[in-house]
Amino acid sequence: MERSLELVNMTRVQEFILLGLSTRPEIRDVLFAVFLTLYLLTLLENTLIIGLICGHTELHKPMYFFLGNLSCLEMCYVSVTMPSLLVGLWTGPYRISFTACMTQLFFFIVLICTECTLLASMAYDRYVAICRPLHYPLLMRPQVCLGLALSSWLGGLVVSVAKTTCIASLSYCGPNVLNQFFCDVSPLLNLSCTHVALTELVDFISAIVIFCGTLLVALASYSAIGLTVLRMPSAAARRKAFSTCASHLVVVGIFYSAALFIYCRPSRIKSMDLNKVLSVSYTVVTPMCNPIIYCLRNREVHAVVRRTFHLS
């Protein structure tokens with residue numbers, strides 16, 4: 001018995017091999033240039049948003065407070081996943097230690113769970129602004145906004161500790177090849193050589209609480225907003241109300257449609273190429289597009305940008 005345990009310990013995987021986004025050398029250079037540009041653009045956009053919000057008092061409002069938190073999160077988000085994607089495109093399949101893999105997984109889960117809760121908080125903010133405008137200063141006072149933001153970050157941290165601990169405690173005896181460009185939940189579960197029922201249960205419960213719970217909050221908020229907008233007497237008022245929440249609704253749709261497809265099915269998903277495409281949509285495309293979507297039709301942000309850069 002002791003000898004068998006020693007053998008298991010000796011054969012336990014100490015590192016993983018990430019295949020990356022593509023194993024075709026003829027397109028890796030092009031993809032590397034594209035994703036490096038997207039990475040730098042994402043950092044620049046979100047840094048600009050944070051700077052504008054912090055530096056101008058007219059943007060010190062609940063909506064922009066949450067947008068600033070989201071921009072900070074997006075910068076961390078892409079900095080967790082994009083470097084490994086870029087390394088894979090530059091060098092091809094590469095090795096990552098077990099500890100580094102679990103660390104990346106931990107921060108990835110923290111950030112994706114925090115983003116879910118922040119998006120729900122932003123949907124609630126739009127609900128109060130449109131459906132209960134007279135109570136908005138009270139319901140969205142600074143203490144409430146700070147509490148919602150802190151609970152989002154702390155909730156993501158708690159969920160990540162539970163999920164990462166369960167996944168790290170599994171035995172990985174080989175093979176050690178992850179068909180992904182970063183350490184993700186489903187590919188790691190596929191490689192485990194022990195029973196994963198408890199880990200999948202934890203993953204399923206967290207998906208229900210975080211993903212489905214926050215999605216229901218967002219859907220309920222926008223259902224109420226839709227009914228309120230339809231009852232508005234003038235077309236101008238309806239357009240104005242819709243324009244304040246349309247951008248957030250687009251972001252919510254893109255993010256949840258990809259994330260829920262994967263993370264509400266934590267068991268062994270077979271179509272790993274499809275998983276990688278969907279992973280790119282919410283780890284690369286969404287963080288890059290969010291600042292553009294949120295600020296494209298925002299007159300307050302446009303005015304601040306014009307003053308900051310002395311544009312006519």
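**Reading the cysteines**

Reply: Cysteine 101 and cysteine 183 are both buried, where buried means under 20% relative accessible area, exposed over 50% and partly exposed in between (1.4 Å probe, protein chains only). The model is predicted, so local features need pLDDT of at least 70 and side-chain atom pairs count only at pLDDT 80 or more, while totals for chains, interfaces and linings use all residues. Residues are numbered from 1 along each chain as its sequence is written, and side-chain values use heavy atoms, with hydrogens and water left out.

Me: How many disulfides does a search of the whole structure find?

Reply: A disulfide is a covalent bond between the sulfur atoms of two cysteines. With the criterion of a pair of cysteine sulfur atoms within 2.5 Å, the search of the whole structure finds two. One joins cysteine 101 to cysteine 183, at 2.0 Å from S to S, and the torsion about this S-S bond is about -125 degrees, so the disulfide is left-handed.

Me: Which cysteine forms a disulfide with cysteine 173?

Reply: Cysteine 193 does, with the two sulfur atoms 2.3 Å apart; here the torsion about the S-S bond is about 45 degrees, so the disulfide is right-handed. Cysteine 173 counts as partly exposed at 32% relative accessibility, and cysteine 193 counts as partly exposed at 38%. With the bonded cysteines numbered in sequence order, the pairing is 1-3, 2-4.
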